[in-house]
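Student: Could you walk me through this one? I'd like to start with the rings and then move on to pockets and charges.

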Amino acid sequence: MWCAFTRLANAIESAKVPLLTRQFQHSQKYNYNICRTKYHQTPAVNISHKQILNMSVAMPKVVFVLGGPGAGKGTQCSKIVDRFQFTHLSAGDLLREERAREGSEFGQLIDDYIRNGKIVPVEVTCSLLENAMKNSGKSLFLIDGFPRNQDNLDGWNRQMSDKTEMQFVLFFDCAEDVCVTRCLGRGQGGSGRSDDNMDSLKKRIQTYNNDSLPIIKHFDQAGQVKKIDASPDADEVFQQVERVFLASGFQ
């Protein structure tokens, strides 16, 4: 289904380019004739299709939100949405919704990966994220829980890096014992998540340490990480978050 959607979107985009180019060329010809009559100027240089599209469509701005299971990413994203009008996209939530959707071709595959604490193939996750961004009609996005490993990062760079502007990585750093306590409490409180149990948590924490931390270090070395101490209560954590967004130009 997602492949068909992508092919359709690409076909529409391909159809738009010649039309837009013809409109642009007509406008350029009109302006050029005026210039020749009045000022005897030479024609403007040619502009590529990609440059024309970039002039007419502002690319979405993306903030990656990373941290261990139970670090409070979802809670803080809700506060950021209220304060700074971002749209929150949780890679995990999108995958769980797709898993539960009747007739989904990816449902069983996603279920097997999540139950075993493994990371779902990046092609599936990127397709879900791209469709959610397009359907939202918005331009500011928090992408929660992604990229989780090198494969995720490579997949994003292949499929999405030229369609978005990544602003920074918001990293919620939280002690492991605090994260475990939060997740177990969430599960006992009826979160409905099949992975809020000790067996799944052990696998998720191991996956995070082995695969996600190196990605955070990669972004950190590039100067793109904003680190947040996520151990205190939610309001105190958000005070740190708010300062980061204000300092980054968001009001």
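Student: Which residue lies over the face of Phe-84?
Tutor: This is a predicted model, and in it Arg-83 lies over the face of Phe-84, at a distance of 4.4 Å from the ring centre. Phe-84 also belongs to a cluster, linked by ring pairs, whose other members are Phe-86, Phe-168, Phe-245 and Phe-250.

Student: And what lies over the face of Phe-168?
Tutor: That is Lys-226, placed 6.0 Å from the ring centre of Phe-168.

Student: OK, how many aromatic pairs does the structure hold?
Tutor: There are 9 aromatic pairs. One of them joins Phe-64 and Phe-219, whose rings are tilted at 50° between the planes and sit 6.1 Å apart, centre to centre. Phe-64 belongs to strand β1 and Phe-219 to helix α9, so this pair ties together parts that are 155 residues apart in sequence.

Student: Are Phe-64 and Phe-219 buried or exposed?
Tutor: Both Phe-64 and Phe-219 are buried.

Student: Switching topic, how much space lies in the second largest pocket?
Tutor: The second largest pocket holds about 830 Å³ of space. It is lined by 41 residues, and those closest to its centre are Lys-73, Arg-96, Arg-148, Arg-193 and Arg-204. Among the elements that give two or more residues to this lining are α3, β2 and α8, while the largest share, 5 residues, comes from α4.

Student: How do the lining residues divide into nonpolar, polar and charged?
Tutor: The lining of the second largest pocket has 13 nonpolar, 16 polar and 12 charged residues.

Student: You mentioned Arg-96, so which residue does Arg-96 form a salt bridge with?
Tutor: Arg-96 forms a salt bridge with Asp-93, and their closest N and O atoms are 2.8 Å apart. Both residues lie in helix α4, 3 residues apart, which is about one turn of the helix. Arg-96 is buried, with a relative accessible area of 18%, whereas Asp-93 is partly exposed at 34%.

Student: Where do Lys-61 and Glu-165 lie?
Tutor: Their side chains meet in a salt bridge, at 3.6 Å from N to O. Lys-61 lies in strand β1 and Glu-165 in strand β4, so the pair ties together parts that are 104 residues apart in sequence. Lys-61 is partly exposed, with a relative accessible area of 30%, and Glu-165 is partly exposed, with 33%.

Student: And how many salt bridges does the structure hold?
Tutor: The structure holds 11 salt bridges, including one between Lys-163 and Glu-130, with the closest N and O atoms 2.9 Å apart.

Methods: Residues are numbered from 1 along each chain as its sequence is written. This is a predicted model: local features need pLDDT of at least 70, side-chain atom pairs count only at pLDDT 80 or more; totals for chains, interfaces and linings use all residues. Side-chain values use heavy atoms; hydrogens and water are left out. Rings of Phe, Tyr and Trp (its six-membered ring) pair if their centres lie within 6.5 Å; planes under 30 degrees apart count as stacked, over 60 as edge-to-face and the rest as tilted. Helices (H or I, at least four residues) and strands (E, at least two) are DSSP runs, numbered from the N terminus. Buried means under 20% relative accessible area, exposed over 50%, partly exposed in between (1.4 Å probe, protein chains only). A charge sits over a ring if NZ of Lys or CZ of Arg is within 6 Å of the ring centre and within 35 degrees of the ring normal. On a 1 Å grid over the protein atoms alone, a cavity is a set of points where a 1.4 Å probe fits but cannot get out, and a pocket is an open set with protein on both sides within 12 Å along at least five of seven lines; lining residues have an atom within 4 Å of a point. Grid points are joined across faces, edges and corners, and a volume is the space filled by probe spheres set on the points. Ala, Val, Leu, Ile, Met, Phe, Trp, Tyr, Cys and Pro count as nonpolar, Asp, Glu, Lys and Arg as charged, and the others, Gly among them, as polar. A salt bridge is a side-chain nitrogen of Lys or Arg within 4 Å of a carboxyl oxygen of Asp or Glu.
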